[in-house]
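Please work through each task before reading its solution.

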Amino acid sequence: MRSAVTVSLVPEARGGPFVFWDDLEAAASSAAMLGFDAIEIFPHSAEQLAGLPVRSILQRHGLQLAAVGTGAGWVVQRLRLTDPDPEIRARAIAFVSNMIDQAGALGAPTIVGSMQGRAEQAVTREQALDWLAEACDQLAPRAERFHVSLFLEPLNRYETNLLVRITDGLAFLDRLKSRNVKLLCDLFHMNIEEADMAAALRLAAADVGHVHFADSNRHAVGYGHTNIPPIVDALKQIHYRGFLSAEVLPKPSSESAAKQTIESFQKYCRGENS
Ligand code: LER
Ligand code: MN
């Protein structure tokens, strides 16, 4: 397991759960200094990502790119893969596709979280899930060209009514044609929705592609009340080899949240060399 920390390049997402903000070079420098293995970037758009010297920043600081988020498509442009308007769905697919191309060229997977949208008004959950499946079956082969997966993230009930629990995610993967979609298991959402977080991770097993490492209150792990050891044990048991990526509030400051995260990572995952 490897450690990662989030960097948001989206001013409109201010107040959101990202550790570092705005300045990729400064964020990478802090992350490397603290001993993180990787960063996870939340960019404004694929175009913004393409215009940044990401590769050289990563190289300079000896960091990997854990994943790239697409939430700005929703936060900034109000695009959703399950919008009732086919034109908006097409634009949402284009937004994620372009991100897959940029992230993929950097060897990183792309995340679909908020872009899953929600079933509302005349749209049934079944209909929304059909649209989401259609989108994922277009997007996942695109990611496959770069030998990376597409990560799909169940979100708590206040953010979606589509993929909420890990079992929703697993049932959804079953209906896809593509085998290149894995689940992003966010410990903050799971703390709200799962009866037993460790059991949910064991059930997902090889379908766990990425983990958002957050405490119960979405602060850095150690600042809330989630019981982390059984979760790390479950991840070891399923031979999880991916990242534990801190998608948490920058509280009391970015530096403290990052420092607390890496200390927790070292405390709970020490001796773990897989
Ligand atoms: C949103 O709550 C979240 O967890 C993000 O990772 C989704 O884009
Ligand atoms: Mn998340």
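A disulfide is a pair of cysteine sulfur atoms within 2.5 Å. The model is predicted, so that local features need pLDDT of at least 70 and side-chain atom pairs count only at pLDDT 80 or more, while totals for chains, interfaces and linings use all residues. Residues are numbered from 1 along each chain as its sequence is written, and side-chain values use heavy atoms, leaving out hydrogens and water.

**Exercise 1.** Determine how many disulfides the rule gives, and why Cys269 forms no bond.

*Solution.* Step 1: the closest cysteine sulfur to that of Cys269 belongs to Cys185 and is 15 Å away, too far for a bond. Step 2: for Cys185, the closest cysteine sulfur is that of Cys136, at 15 Å, again too far for a bond. Step 3: the count is zero disulfides.

**Exercise 2.** Classify Cys185 and Cys269 as buried or exposed.

*Solution.* Step 1: buried means under 20% relative accessible area, exposed over 50%, and partly exposed in between (1.4 Å probe, protein chains only). Step 2: Cys185 has 0% and is buried. Step 3: Cys269 has 4% and is also buried.

**Exercise 3.** Describe the largest pocket by its volume and its lining.

*Solution.* Step 1: a pocket is an open set of points on a 1 Å grid where a 1.4 Å probe fits, with protein on both sides within 12 Å along at least five of seven lines; lining residues have an atom within 4 Å of a point. Step 2: the volume, the space filled by probe spheres set on the points, is about 310 Å³. Step 3: 21 residues line this pocket, and Pro17, Phe18, Phe42, Ser114 and Glu247 are the closest to its centre.

Methods
Chains lettered and ligands numbered in written order.
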